[in-house]
Amino acid sequence: MKKLLLGLLVLTQFVGQANSQSIPLYKDSNVVIEKRVDDLLSKMTLDEMISMISGLGFSTVPNDRLGIPSLVMVDGHAGPCVGNSTSFATAITMAATWNPELIYQIGKAFAEETRAKNDNTLLAPNINLHRTPQAGRNSETFGEDPFLIGKMASAYIKGLQDNGVLATVKHFACNNQETNRSFIDVNVDERTLNEIYLPGFKTAIQEGGALAVMCSYNRVNGQYTSDCKYLLSDILKNKWDFKGMVMSDWGAVHSTIPAFYSGLDLEMPKGEYFTKSNILPLMENPIYKEQLRDKVRRILRTMYNIGIMDNKNPFLSKYDTIKQAQLSLQNSREGIVLLKNSNSILPFDSHKIKSLAVIGPMSKAPDIRGVLSSHAVNTYQGIKEMFGESVNVTQSLGCNIKDDGILINKDNFKSEDGKPGFVMEYFDNQELEGIPKISKCVDQISFSWSIFPPLPEIKTDKYSIRIKGTLTAPETGYYNFYLIMAFSNMRFYLEGKTLYDKWAGQGAWTKGIDSVYLKKGVPMSCVLEYKSNAQSYNLFSFLWKFLEQNPLQKAVALAKKSDAVVVCVGFSGALENEEHDRSVSLDPAQEELIKEISKVNKNIVVVMNSGSAVVMNNWVDKVPGIIEQWHPGQEGGTALAEILFGKVNPSGKLPVTFMKRWEDSPAFDYYPGKDGVVEYKEGINVGYRYFDRPSSPHAQFTFGYGLSYTTFEISNLKLSANSILITDTLHLNVLIKNTGKMDGAEVVQLYIGQDKCSVDRPIKELKAFHKIFLKVGEEKTIQFTIKPNDLKFYDVISHDWKAEPGTFTAFIGTSSMDIKQKIGFELK
Ligand code: BGC
């Protein structure tokens, strides 16, 4: 036996040696990651290391000699926005579901779609907190509460990273507005920063396990975040023990040494400061040399952890589009928040309502954001498809708003040869020189080529395209045109007239050309020219929009003769998006539309498409029904129809407070700042933390609020003890019963407040929630756990979280204002 064991030992040693001789340590997937990273680092030259700390468009620089692949990145808070993907609802809709399990599934779906696009890194989630409703990117994020943000972001990140795609938590930190975002200096005190703006990030890293962080454009307390050692090293890497990598936002680096020293690991999208000529001289200093190794170590460690080094999760050739569409639908359903339902106007009774007018600028354009999806159901379609011929569903625009228009297709465009469609001539140079390398006819111009050549025949990323033909309008009147080019260059001529010409320097993301008068059936000669942006994304779309005449009169006439009206209003992509903030209320034309329709039809339900709260005081009392639908993605129309007619019971809850007037906002005096500085002087009084206070104005709709078609009763609140030591955990039980007439889900919310404290604290703060589905008459007990961490505030003296002994109250509610049960306990 001994002999046999000895023999085995010798044999395993021999196999081990043979193994280590044939594959280097860093390639051996049986070796622990840190050892593999060390081994790989030891084999890299300085030049190779330097090349890894700046990007190559939307990827990191690969290393063929050592077999290091690239992180290949794609944006996409509503699904990867490259090529044709499933369009999901935006993050605010996800937050409104209060259902982390669902969001995990969506993260998983995003991972599959990302891999199917040959990418391995999603530049999401965006988890900046809603400080004001105006911020242009609010819809990409999870609302006003750090706890809710942290939970939703963690689910999303796990869904992505468990399935082989790196998540990038962004934008670190305080990117809470788009106005002046590239230089605005956020002045925020230490407690507010740590208690309000950072905890979402901390949870995303410590609970969600995010391995990449993107810093923001703005400054915090005087420093660009890419230069800010306090944020990137002291807090993120040291205090929170973050082991992953920090990349910059696109073009957000402003220095070499401060950025290098601060803890920034990767400059994106290319090295302007982290160039070889800037970094190499620093390598004389051993501190900088070690910092370079640390940066590369973090990038490699991230690649190993996600499985990219071992190609564990290869790119996919396909995914289940039907399953993804179902998930997108479920997200839209669960995210819908029923805000007002006077006299139970909803659900509509399809036996009584025989004619339904779907009116408004958002009624016919599917509300999809950032993702090109070949299938999308708008509200009108969704309702019409539900009823077939049994209900007379009609549609009217109601008013013109600024939007992105619809794709021009081959019905209205002929090529030079007189055939319908767009003949695209591709040149393998950027100046349309010589004869085209290849020509292709397409039905519409809608492309997202990212950093890759547009066709296999074009071997370079430096190309240009020309399209010539005739455009024919289907109606006489004014049209707006939209060119989407993602900062590439374009020229656009109509009947020899130049409508757009930006052939050098940085182009616009989207260019809108307003009010061009066209006559029905008259062909106009048209030329479009496109020059690739070799450094960044390439998107190319050509859209237009007919500006309807007298839309209000037409809509009012239709509303008059209908049994009920659904008015679809909100913020189109042109009104609410990256790079600019939006208005706090609807634009006047849409408010007028609601008012005028409400005068002629009392059965009116307003459906709002927005990425955050909207001030509604000009019309809220004039309508019996209001639904917040956020930006629901490709299945929005179907989800809404199901809710309107009671096929699905609404269960969404507000992730943000809806205030009555902008003047009521705690940030009213400070937003959007002046002279390049925005003071966060409202401090920790953000959202419900402010509106909860007895001295504050009443909110229109409170955080956590949302109606259902059924009723729930909450009772039997019990705590496992009435006092807690700092080392203890308390258990809280509560019974919930569906006491109404329809199956449905409720979100039970636990808030905790300290009755008296040496510092000013919010009345209460969200510490746990549970979404539960109950059939009619069904009841269940929910258990929450209260831990000492839930009782702490950020103490600026110790620069740490602190729990102060005293009495606390646990509040159980169905919104921050609808508190159903409460109970006191003591921290000893
Ligand atoms: C945005 C980022 C985005 C990056 C790449 C920046 O302008 O702020 O969120 O990931 O562009 O598209």
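The loop between α10 and α11 (276-279) holds P269, which is joined to M268 by a cis peptide bond with omega of about -5°. The model is predicted, so local features need pLDDT of at least 70 and side-chain atom pairs count only at pLDDT 80 or more, while totals for chains, interfaces and linings use all residues. Residues are numbered from 1 along each chain as its sequence is written, and side-chain values use heavy atoms, with hydrogens and water left out. Helices (H or I, at least four residues) and strands (E, at least two) are DSSP runs, numbered from the N terminus. Another cis peptide bond runs from K170 to H171, with omega near -5°; H171 is placed in strand β3 (residues 166-172).

Helix α10 (residues 257-262) contains Y261. With a relative accessibility of 39%, Y261 is partly exposed, where buried means under 20% relative accessible area, exposed over 50%, and partly exposed in between (1.4 Å probe, protein chains only). Y261, I257 and I287 make up a nonpolar surface patch of about 280 Å². Patches consist of residues with over 30% relative accessible area and no salt bridge; like charges are joined within 9 Å and nonpolar side chains (Val, Leu, Ile, Met, Phe, Trp, Tyr) within 5 Å. A salt bridge is a side-chain nitrogen of Lys or Arg within 4 Å of a carboxyl oxygen of Asp or Glu. Accessible areas come from the Shrake-Rupley method with a 1.4 Å probe, and for residues only the protein chains shown count as cover.

Strand β23 (residues 539-546) is largely enclosed by the rest of the structure, because 7 of its 8 residues are buried. Pairing of two strands requires at least two bridges between them in DSSP. Strand β12 (residues 406-407) pairs with β23 in the antiparallel sense over 2 bridges, and L543 of β23 stands opposite L407. Strand β16 (residues 446-448) is also antiparallel to β23, over 3 bridges; here F447 has F540 of β23 as its bridge partner. Antiparallel pairing of β23 with strand β18 (residues 477-484) extends over 6 bridges, and W544 in β23 is the bridge partner of F481.

The loop between β18 and β19 (489-494) includes F487, a residue other than glycine with a positive phi near 75°. F487 is partly exposed, at 23% relative accessibility. A positive phi of about 80° is also found at E579, which is not a glycine. E579 lies in the loop between β24 (564-570) and α16 (588-600) and is partly exposed at 42% relative accessibility. Most residues other than glycine have a negative phi, and most peptide bonds are trans.

An open sheet of 5 strands has the order β31-β39-β38-β33-β34, with mixed pairing. Its edge strands, each pairing on one side only, are β31 (723-724) and β34 (765-774). Strand β31 runs parallel to β39 (residues 819-827), to which 2 bridges join it; S723 has E826 in β39 as its bridge partner.

Strand β37 (residues 800-802) contains K802, which is partly exposed with a relative accessible area of 34%. Not counting residues up to four places away in sequence, K802 touches L791, K792, F793 and D795, contact being heavy atoms within 4.5 Å. K802 and M214 are 588 residues apart along the chain, and their C-alpha atoms are separated by 29 Å.
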